[in-house]
Amino acid sequence: MNMVDRLNALDRRWVFLLMGLAVAVPILWIGITGNTFPETPTPAAAAVFKAVEDQPEGTRVLVAFDYDPASAGELQPMATALLHQCAQRKLKIVCIALWPLGGNMAQQTIAEVIRADYPAMREGEDFVNLGYQAGNEGVMKVVLTDFKKAFPVDARGQATADLPILQGVQTVKDFPLLLNVSAGYPGSKEWVQYVVSASEGKVKMVAGCTGVQSPQMYPYFPGQLAGILGAIKGAAEYESLVNQSIGGDVAPKYREAQRRMAPQLFGHLLMVALIVAGNTLFFMGRKGARA
Amino acid sequence: MRNVRRNFRSPWWWLAIAIGCAVGLILQTRRAHAADGVEAAAAAPAAESHQGIFNENRLPLLTWIIGIGAATTYFVARSRRGKPPTIRRIAALEAVNEAIGRATEMGRPVLFIPGVQDMDNIQTVAGITMLGRVARTAAEYDAVVEAPTCRSLVMEAAREAVQASCLAAGRPDAYQPDRINYITDEQFGYVAYVGGKMMREKPATCFYMGCFFAESLIFSETGNSIGAIQIAGTAESSQLPFFVAACDYTLIGEEFFAASAYLSGEPDQLGTLQGQDAGKLAVLAFIVIGTVVATVASLAPSAAWLGDFSALLQKAMGG
Amino acid sequence: MSRQRLTWIVLGVVLLALLVVRGFVGQGLGRVYVQADQVSLAQMDEKGADGSLVKVWKPVPAAQATQQWTEWSQAAPKAYFEAVAKNPAQTDITLSWPRTIGLWLAAFFTLAIFSFLYSDNVFYKLAEATVVGVSAAYWMVIGFWDTIVPKLFGALTPDMVIKWVQPSLQPAGAMQQASMWLALVLGVMMLWRLAPRGGWIAAWPLAFIVGVTAGLKIVSHVESDLMAQSVATMQPVVQLVPAADGGTDWYASLWPTLANALVLVGVICALVYFLFSVQHKGVVGATARVGVWYLMITFGASFGFTVMGRIALLAARFEFLFDDWLWLIDPNHLRS
Amino acid sequence: MMLTRAIPLWIAVIGGMVMLVSAFLKPIEGLGENFADAFNVIAAIASVLGAGSLLKSNLSSISRRDAGWGYAVLVLFTFIITLVFGLAKIGVHPSHDFPTAAFSGKQETPDTPFGWLYEYAMVPLTSTMFALLAFYVASAAFRAFRAKNLEAGLLLGTAFIVLLGRTFAGVVLTGWLPEWASGLRLENLSVYIMQVFNTAGNRAIIIGIALGVAATSLRILLGVDRSWMGGGGQS
């Protein structure tokens, strides 16, 4: 057995080990030194920032938390940064969830951003979490005709009809901006299909989605989607934009995505190296076979 | 009853009903429209969409559905009259029998995963249909099919389909309900179970047919490491790359929905594939003509009729 | 002793030794601290949205409360260290044993699942059995409290739900009530499977579900996928970019035009690939081949994007191990 | 045959046709949403069957003393305690807004036994299972992504560009390219790929799938394909 054959038959557990190291070592390194890589925002991420920045103070925005803890690694930094920018811009934030655990994610994000750093904002007036509603696209169709019918109570059990923040809201069209953080079905694609296309241009939507989903969302940008945050990279770009605009000393919780880019970089480089190595071996093996 | 059943099988009967319904609906709306027309014009032009019980905005949609339905029924009838279409080879489906035969030879089970969604997802329905076909062949070849499921309803449907397939294969004794069981609704709990099961039981052949998310690669890499033949089919485009890379054969998107009809080899079912193709050709024609007209219209803004024609084509597509 | 066994033992010993060392260095190993939040509520009158008085529960000082209990929330270790430094006898922030045990259990489960990468083993089997048992029950509980109670009981026996579970429940409409009755009947028919006789009746609700799914999906897919995506493609290919002098900037127009043309060609070729009743030979074959190229590029792009997410997920698990459990790194400054 | 074949077939056809027609009739447009609710309830009720299957398969594995029957005990134990804690809402405080309604509280905090199981068993287990993907992606890249032919070459070439273009490495590698050639920078290339090739490919896939769904639905509604209920051809 020559070298090429041996490498071709390499036990995949060595590959696993390399991947583990490529991710673990940078985490430790970043964790100890606190450095992050700089980010240059791509147009899709800059568009998300601009869409929120363009809203006048006091505008109601709808934030849909369509993910669960399994995807929080990728999506939580987006949700945190989105709420951070909305709170900073003094927008009124209405959170909803079409994923069973999305209501909890909304609750956590609210606690982390609003309750911790914007204690002046009052629940029910400046922000509210309406929690999870079962029914997938069904809910989207209902919010188009009667928002409060789809969400009769908020996460605390109070009737939405009595909430000051929702006074004057008939349908989802009364929210000029829809922010969606989505890990799959139902998510960004369904919001575009059922709500944005049916809203006659009244609802502008930006989406933060997982790496898996983003290729399917790009066909909608910049038409039906005003901006996209694709995976942790999009989150990092957006995070750096928000942090730059707010300035000052940035709390570490608002730099989570940027920190995560380091393991990302080494993981990607390893993948690239593996693809190159695999193909080199393949071609060497083929040459050997021919000779 | 027999008469009713024969009628029921005749596609022409359905076509007649479909066209009848459509014509009735349109007439109904037109009449309601004419009656209300005067007041409506006097009131507000925006109120127009609130009249009649037929949702006029969806007329193009109705036309498309009736069109595809009519094409399908036509080709089914034609195929039944002895002119079945020749269907191109789909490698993944040619391999199904051989893959099941391999399991029989090796004395190991066939693993069938019908996706991780419930019965309200059409991919799961298509997956169960495939399970029916696979179970029938397996019963004939005397192979064992294992189908752990992620939803209670899917388990029931899978048992139903496998039982009837064994019966149809003349091997009612081959049906073992304990081989088809419910694990958990939690996606990754299910994945943990199936991964462990694959490692321990080393199935000779794995089918992944249905709606898959992140588990696609965990299944197919584990299957690869135990040397199983793997045939996948899904309409989740985000998971196709992984199946394409790691499985022996993959049914891409539409091919997955055609699989059951292809495997059946029945003239009726092959006819529906031709109907599907007719729909595709119509879409292609619309896209080509629509794009050409739109391009010419944008370059020659003075020719207003071109612009109108382009708008009409878009409207026919619901735009 | 087999090589695999030896590897396991060596790994285990090394890990334990590292843990012990870590335990005696610096702030030690992962612990969870909690602080007590006293909940004190009393009922008061408040003006509702329509001006009438409604009774609502409000937080009040403990002395006036009619309902009281204690809840616990997680506190940062830093808060505990500071509190102890100020007053070594303080009891506001305390170590939570259940949560600390939970943290260690979570770390064990994380490592147990990772061990599957090496080979199937007893730890993985323990983790697998636990996750199957817990998650199956979890979704049944969620199904009961989030679907059956508010939807089914809420429509059929609203008084009970209002009294015990959700006082703010809105009355269900006639349509909703009817659909819940239907669901109940079909659900019971499903369960008939468990009866000794007449199990065939369970096929009826299944048939209903399959039929209705078919009816619903044909509409949604044809409308929002087939028609919407076709319209999106039926756009002018040539895009003229106006130049500064009022004419046309031909060079700038070239790129968007080329992009549009490439999209159009791709859609057509890939659709031709999907044709079933035509043999892929000659022109059709060549077109279909181009279609396959497009599909492969699409899959490659999907793959590249997906990798990002997968690495982020792994990073999150490592962060849990290093930060929450081993206290090796402290990116959120929770301890210093 | 009548009860097991003909009637279910009719139920499917009529149910489906009603849904199809309801999409076009304004008074019953919302039928689909009502069905979504009804479906969730049926699925929740049907979980009794799932629980039965889980109990039966594990109990029989224990009584047969199969290899690894101890794990079956663990499955049953964790299943039953989670179910009891969760259904009875043991240790759950009522909601702050309705403290007198005993079952109004949410149970997802780690204070409750159910929440504890969720937080410290289910979340780490499921998210680590998910995280295993990073390893499998790496091994797939090494093993399966080889330029065996033009198609495979396109797939891996695209993956390569997107991978590089989405990190700092891409910026470093091609950042030196002058402004007029900035279109060739890796990060921009990956954007073009997304906007052109990926859009085209995805559109075709989506349109194809829509037609496939339509045909599958029609096969069911026309009674042509009955293998979903095991008909398997002309019975």
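Predicted model: local features only at pLDDT ≥ 70, side-chain atom pairs only at ≥ 80, totals over all residues.
Okay, housekeeping. Local features here need pLDDT of at least 70, side-chain atom pairs count only at pLDDT 80 or more, and totals for chains, interfaces and linings use all residues. Residues are numbered from 1 along each chain as its sequence is written, while chains are lettered from A and ligands numbered from 1 in the order in which they are written.

Let's start with chain B. Its secondary structure comes to twelve helices and five strands; helices (H or I, at least four residues) and strands (E, at least two) are DSSP runs, numbered from the N terminus. Of the 319 residues in chain B, 56% are buried, meaning that 20 or more other C-beta atoms, placed from the backbone, lie within 10 Å of the residue's own. As for contacts (C-beta atoms, placed from the backbone, within 7 Å), take those in chain B with a separation of 6 or more: residues 24 or more positions apart account for 69% of them.

Now, the sheet in chain B. The five strands make an open, parallel sheet, in the order β2-β1-β3-β4-β5. Strands count as paired if DSSP finds at least two bridges between them. Which strands stand at the edges? In chain B those are β2 (145-146) and β5 (249-252), each with a single partner strand, so one side of each has no neighbour in the sheet. Helix α4 (residues 91-106) of chain B packs on this sheet and touches β1, β3, β4 (229-234) and β5 of chain B. The direction of α4 makes about 140 degrees with that of β4(B); axes are lines fitted to C-alpha atoms, for helices over the stretch in contact, and angles run from 0 to 180 degrees between N-to-C directions.

Stay with β3(B) for a moment. Strand β1 (residues 110-113) of chain B runs parallel to β3 (residues 205-209) of chain B, and four bridges join them. In that pairing, B:Val110 has B:Thr205 as its bridge partner, and B:Leu111 stands opposite B:Cys206. Towards β4(B), β3(B) has five bridges, again parallel, and B:Tyr208 is partnered there by B:Ala232. Is β3(B) buried or exposed? Five of its five residues are buried, so β3(B) is largely enclosed by the rest of the structure. Both faces are covered, with B:Thr205, B:Phe207 and B:Met209 on one side, and B:Cys206 and B:Tyr208 on the other.

Over to chain A, which has an open sheet too: six strands, parallel pairing, order β3-β2-β1-β4-β5-β6. The edges are β3 (127-132) and β6 (227-230) of chain A; each has a single partner strand, so one side of each is left without a neighbour in the sheet. From one strand to the next, the twist averages 15 degrees. Strands β1 (residues 60-66) and β4 (residues 177-182) of chain A pair in parallel over six bridges, and A:Asp66 is partnered by A:Ser182. Helix α8 (residues 188-196) of chain A packs on the sheet and touches β1, β4 and β5 (204-209) of chain A, with a direction about 165 degrees from that of β5(A).

Quick word on domains, whose bounds come from an automatic or database domain assignment. Chain A gets domain 1 (3-35 + 259-290) and domain 2 (43-250), with C-alpha centres 37 Å apart. Chain C gets domain 1 (29-95) and domain 2 (244-316), and there the C-alpha centres are separated by 57 Å.

Last topic, interfaces. Between chains C and D, 108 residues of chain C are in contact with 112 residues of chain D. Helix α7 (residues 203-233) of chain C gives the most to chain C's side, with 22 residues.

That helix also meets chain B. The axes of α3 (residues 59-80) of chain B and α7(C) come within 10 Å and cross at roughly 110 degrees, which makes α3(B) roughly perpendicular to α7(C), a label covering 65 to 115 degrees. From α3(B) we have B:Pro60, B:Leu61, B:Trp64 and B:Ile65, meeting C:Ile218, C:Val222, C:Glu223 and C:Met227 in α7(C).

And chain D touches chain B: 53 residues of chain D are in contact with 70 residues of chain B. The largest share of chain D's side, 14 residues, comes from α7(D).

Terms used: Contact = placed C-beta atoms within 7 Å. Parallel < 35°, antiparallel > 145°, perpendicular 65-115°, else oblique. Buried ≥ 20, exposed ≤ 12 C-beta atoms within 10 Å, placed from the backbone.
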